[in-house]
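Biologist: I'd like to learn how to read a model of two chains. Can we take it feature by feature?

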Amino acid sequence: MRPVAISVDPPAVSANFCRTANLTYTFLSDPKLETIRRYDLVHPQGGPEGHDISRSAEFLVDSSGTVRWENFTEDIRVRPRADQMLAEARKIQ
Amino acid sequence: MPEINQTQKPANILLWIGLVIIVLAVLSNFLYFFSMPQAIIPWINLLLPLIGLYLLIIGVKRAFKQPQLYSGKIWGSIVTALAVAFLCLSIYGAIHARDLPPSKSAPRVGQKAPDFTLTDSNGQPVSLSQLLSSPVGNSQRPKAVLLVFYRGYW
């Protein structure tokens, strides 16, 4: 399973974060919220200073491109745990 | 009945328990950093200040109604006022945290995930189809891609 993180953060911010947090998986930048909008995840004025951002959401997509599991948090403080997401990924053969 | 002087006055135990619960309520906001079921934490964040405040109010009432028996009129009132403020803050935080878009048009389980091309942290364009087909580490294509949309501004 390949994890991919997506946010409005520009590439330089993500690169810096990956370096400091020692993360090696893919971080993608969507500053214009094109993909975030296509996935209907825009949280209007959810960011600092009223910037539009993505709400937290996770999609597990199989090799055919089909969504097999998804999670939309109803509370920004509540996120799925890594082991929960890994358990869902293991179900895909 | 012998007069109870200041030194014999029993501690207003409800105020102390209320204070401890309010401190625990403040600390409960850090539970998100620990490995426990996250869904119950917002309820703990609200329930603890409610219980703490309830005990404090009874404690303060006792201190005012029976000052000869219970201490803590001044410090109990201050802690209770702070607890009210903290509860208001917790309720505001809980409402704000749940103020999210409905995402009715988001792809659903069983549907195709819309393809996209975005820039990675090295400035290179990367598409979902690429992520699904290009090998990971041991030169096998991944069985799945986990798209994690996050709020950013880290």
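Modeller: Let's start with one pair: A:Ile6 has B:Phe149 in β3(B) as its bridge partner. Strands here are DSSP runs of E of at least two residues, helices are runs of H or I of at least four residues, and both are numbered from the N terminus. Before we go on, this is a predicted model, where local features need pLDDT of at least 70 and side-chain atom pairs count only at pLDDT 80 or more, while totals for chains, interfaces and linings use all residues. Residues are numbered from 1 along each chain as its sequence is written, and chains are lettered from A and ligands numbered from 1 in the order in which they are written.

Biologist: In what sense do β1(A) and β3(B) pair, and over how many bridges?

Modeller: The general idea is that strands of a sheet pair through backbone hydrogen bonds, either parallel or antiparallel. Two strands count as paired if DSSP finds at least two bridges between them. Here β1(A) and β3(B) are parallel, with five bridges. Another of the partners is A:Val4, which is bridged to B:Leu147 in β3(B).

Biologist: Which strand of chain A runs antiparallel to β3 of chain B?

Modeller: That's β5 (residues 57–62) of chain A, joined by six bridges to β3 (residues 144–149) of chain B. Look for A:Val61, whose bridge partner in β3(B) is B:Val145, and for A:Phe59, which stands opposite B:Leu147.

Biologist: In what order do the seven strands of the open sheet come?

Modeller: Read across, the order is β6(A)-β5(A)-β3(B)-β1(A)-β2(A)-β1(B)-β2(B), with mixed pairing. At the edges you'll find β6 (67–72) of chain A and β2 (125–127) of chain B, each pairing on one side only.

Biologist: Is β3(B) largely enclosed or open?

Modeller: A residue is buried if 20 or more other C-beta atoms lie within 10 Å of its own, exposed if 12 or fewer, and partly exposed in between, with C-beta atoms placed from the backbone. Six of the six residues of β3(B) are buried, so the strand is largely enclosed by the rest of the structure. B:Ala144, B:Leu146 and B:Val148 cover one side, with B:Val145, B:Leu147 and B:Phe149 on the other.

Biologist: Which residues of the largest nonpolar core touch the most other members?

Modeller: A nonpolar core is a set of buried Ala, Val, Leu, Ile, Met, Phe, Trp, Tyr and Cys residues joined through C-beta atoms within 7 Å. In the largest one, of 26 residues, they are A:Val4, A:Ile6, A:Val61, B:Val145, B:Leu146, B:Leu147 and B:Phe149. β3(B) gives the most to this core, six residues. Domain bounds come from an automatic or database domain assignment. Domain 1 (1–55) and domain 2 (58–93) of chain A both give residues to this core, so it lies between them.

Biologist: What does B:Leu146 contact?

Modeller: Leaving out neighbours within four places in sequence, B:Leu146 is in contact with A:Met1, A:Pro3, A:Val4, A:Glu58, A:Leu60, A:Met85 and A:Ala89.

Biologist: And is A:Ser63 buried or partly exposed?

Modeller: A:Ser63 has 13 C-beta neighbours inside 10 Å, so it counts as partly exposed. You'll find A:Ser63 in the loop between β5 and β6 of chain A. Not counting residues up to four places away in sequence, A:Ser63 touches B:Leu132, B:Arg141, B:Lys143 and B:Ala144.

Conventions. Contact = placed C-beta atoms within 7 Å.
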